[in-house]
Amino acid sequence: PAIETSDGVKLVQSHVILRYLGRSVGLDCECDEFDYCAIIAAGVEDMEKQQSKIKYDPKFSVAMRNEYLKSTLPTWLSHFEKLIPAVSSDSKQSSSYIINGHLTWVDYLLVAALDSSIEFGRFILPGDSADHAKNDVLKNFPKLKHYYQSIFNRPAIIDYLKSDKRYPYTLPYVPKK
């Protein structure tokens, strides 16, 4: 991806763009959090590479997807589950952000990756039963599930999800039955 800002600055690479946009709207990481933000962003990128390796493989198969959902994805989700702060019963919003209780661009990056994993896990392929659409990849990760839902329940996100701007999830290669 690439963008050009209103003052003519040209940026490429999704993480660079996301950091720039985060900084421009007050969602940047503080100086003492910068390395932690970079670690999480790199972890998200590594997790996404694992999924991309499968779904962009011309030989993509239901078996490959199922193995990824059974083994690879839970390993990554368990790493992120450990990073999510515990949610206290009396506070259900600020404590759920990954960086010291405040929303940053890293939250949007991680939630986008979780959303992609959820959609990938629910996507019905040839031979799947209709129940596959109910697959919940976050069911064994309660902190991640709460985190994901808390971000997705923000009013602007809800509006976006209901809009024509959100494209339906698709796969580049759909295996034959």
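**View 1. Ring pairs link Phe60, Tyr68 and Phe120 into a cluster.** Rings of Phe, Tyr and Trp (its six-membered ring) pair if their centres lie within 6.5 Å. Planes under 30 degrees apart count as stacked, over 60 as edge-to-face and the rest as tilted. By this rule there are 4 aromatic pairs. One of them is tilted: Phe60 and Phe120, 6.1 Å centre to centre with 40° between the planes. This pair links distant parts of the chain, 60 residues apart. Phe60 sits in the loop between α2 (34–55) and α3, and Phe120 in helix α4. Phe60 and Phe120 are both buried (under 20% relative accessible area, 1.4 Å probe, protein chains only; exposed is over 50%, partly exposed in between).

The model is predicted: local features need pLDDT of at least 70, side-chain atom pairs count only at pLDDT 80 or more, and totals for chains, interfaces and linings use all residues. Residues are numbered from 1 along each chain as its sequence is written, and side-chain values use heavy atoms, with hydrogens and water left out.

**View 2. Phe123 and Tyr169 form an edge-to-face aromatic pair.** The ring centres are 5.8 Å apart, with 65° between the planes. This pair also links distant parts of the chain, 46 residues apart. Phe123 lies in the loop between α4 and α5 (142–152). Tyr169 lies in the segment after α6 (155–162). Helices here are DSSP runs (H or I, at least four residues), numbered from the N terminus.

**View 3. Helix α3 (residues 62–83) meets helix α4 (residues 105–122).** Their axes come within 11 Å and cross at roughly 155°. Axes are lines fitted to C-alpha atoms over the stretch in contact, and angles run from 0 to 180 degrees between N-to-C directions. The two helices are therefore roughly antiparallel to each other (over 145 degrees). The crossing is left-handed: the near helix is turned anticlockwise from the far one by less than a right angle. Contact means heavy atoms within 4.5 Å. Arg65, Tyr68, Leu69, Leu73, Leu77 and Phe80 in α3 touch Leu110, Leu114, Ser117, Phe120 and Gly121 in α4. By class, this contact has 8 nonpolar, 2 polar and 1 charged residues. Ala, Val, Leu, Ile, Met, Phe, Trp, Tyr, Cys and Pro count as nonpolar, Asp, Glu, Lys and Arg as charged, and the others, Gly among them, as polar.

**View 4. Helix α2 packs against α3, with axes that come within 10 Å.** The axes cross at roughly 175°. α2 and α3 are therefore roughly antiparallel to each other. The α2 residues in contact include Tyr36, Ile40, Val44, Met47 and Ile54. Those in α3 include Met64, Thr72, Trp76 and Leu83. The contact divides into 12 nonpolar, 4 polar and 2 charged residues.

Conventions:
Angles under 35 degrees count as roughly parallel, over 145 as roughly antiparallel, 65 to 115 as roughly perpendicular and the rest as oblique.
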